[in-house]
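Keep the 3D view open while you read.

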Amino acid sequence: MDPLLLRVQADPAAALGPQTRRHPRRASDLRGIFQDAGALEALIRDGNPVIYETFEAPVPASEGHLMFGMTVLYPGRVGDEYFMTKGHYHERRLTAEVYLGIRGRGCLVVQTEDGRSRMLPMEPGGVVYVAPGWAHRSVNTGAEPFIFFFTFPADAGHDYAAVARSGFDLLVVHRTGAPAVVERSR
Ligand code: S6P
Ligand code: ZN
C-alpha cells in the first residue's frame, strides 16, 4: 500500500479518511464485564446505547504493518463502574501497543497473566506504552467522550477469551463523587 498522511483530531472518522473501518460496541456486546449485571441489562432495555467505537485505518492485518486508529469511549456508568472497553491480551503475546490521549479523561487498566496489575491515568497528550504481555482495558472517568489514538503490530491479534476467563483485578468505580480504583472481590 501507499504511505498515508492523516491528522489526529477529535473527529476520528474525518481524521482517518473515507476508508476508515468503524467497529461500534453496544451495551449488549459487553455482557460479563461489569460487576452489576442487572444495571447492564437495564441499559440494554433502555435503548442499548453504543458504549464505545473503534476507528481503524485501512491497513492490512499482516506482518510488517502497524495497525492504528482511534477509540471513542463515551461517558457513563454501569452501576458504580465507569464505561470501559472489553479489554484483551494480544494473541501474539509478545507484541506491544502505544496509546496517546487526544480528548477527555480516563485510564488504562493493565494486567499480566501472572497477576500483576496497574492503573495508568490518561489525559490529552499523555502517552502509555503497553509492554508485551500486558492485557489492557480503557476506562472513561470523565464527563465527555474519552478519545485516544492507538498503534500496534497489525498481525498481533486479539485474545478476549483469556480476559473473559480471569477478568481484571482492578475496578475503576465512582466513589463519593470521584473515580477510585478498587480491587475486585473474588
Ligand atoms: C487494539 C487496541 C484498541 C482496542 C479498543 C477497543 O489492540 O487496544 O484499538 O481494540 O480500544 O477495546 P477492545 O478491548 O474492545 O478491543
Ligand atoms: Zn490491544
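A molecule sits in a pocket if more than half of its atoms lie within 2 Å of the pocket's grid points. With that in hand, find ligand 1: it sits in the largest pocket.

A word on the ground rules. This is a predicted model, where local features need pLDDT of at least 70, side-chain atom pairs count only at pLDDT 80 or more, and totals for chains, interfaces and linings use all residues. Residues are numbered from 1 along each chain as its sequence is written, chains are lettered from A and ligands numbered from 1 in the order in which they are written, and side-chain values use heavy atoms, with hydrogens and water left out.

Who surrounds the ligand? A residue counts as near if one of its heavy atoms lies within 4 Å. There are 17 residues around ligand 1, and Tyr52, Gly87, Glu97, Tyr99 and Tyr160 come nearest. Strand β12 gives the largest share of this shell, 3 residues (strands are DSSP runs of E, at least two residues, numbered from the N terminus).

Now look for polar contacts, meaning pairs of N or O atoms within 3.5 Å. Oxygen atoms of ligand 1 lie 2.6 Å from a polar side-chain atom of Tyr99, 2.8 Å from an N or O atom in the side chain of His158 and 3.4 Å from a polar side-chain atom of His136. The protein covers 96% of the 390 Å² of accessible area that ligand 1 has on its own (Shrake-Rupley method, 1.4 Å probe).

Key. Polar contact = N/O pair within 3.5 Å; in protein donor to acceptor, adjacent residues only side chain to side chain. 1 Å grid on protein atoms, 1.4 Å probe; cavity = no way out; pocket = protein on both sides within 12 Å on 5 of 7 lines; lining within 4 Å. Helix = DSSP H or I, 4+ residues; strand = E, 2+ residues; numbered from the N terminus.
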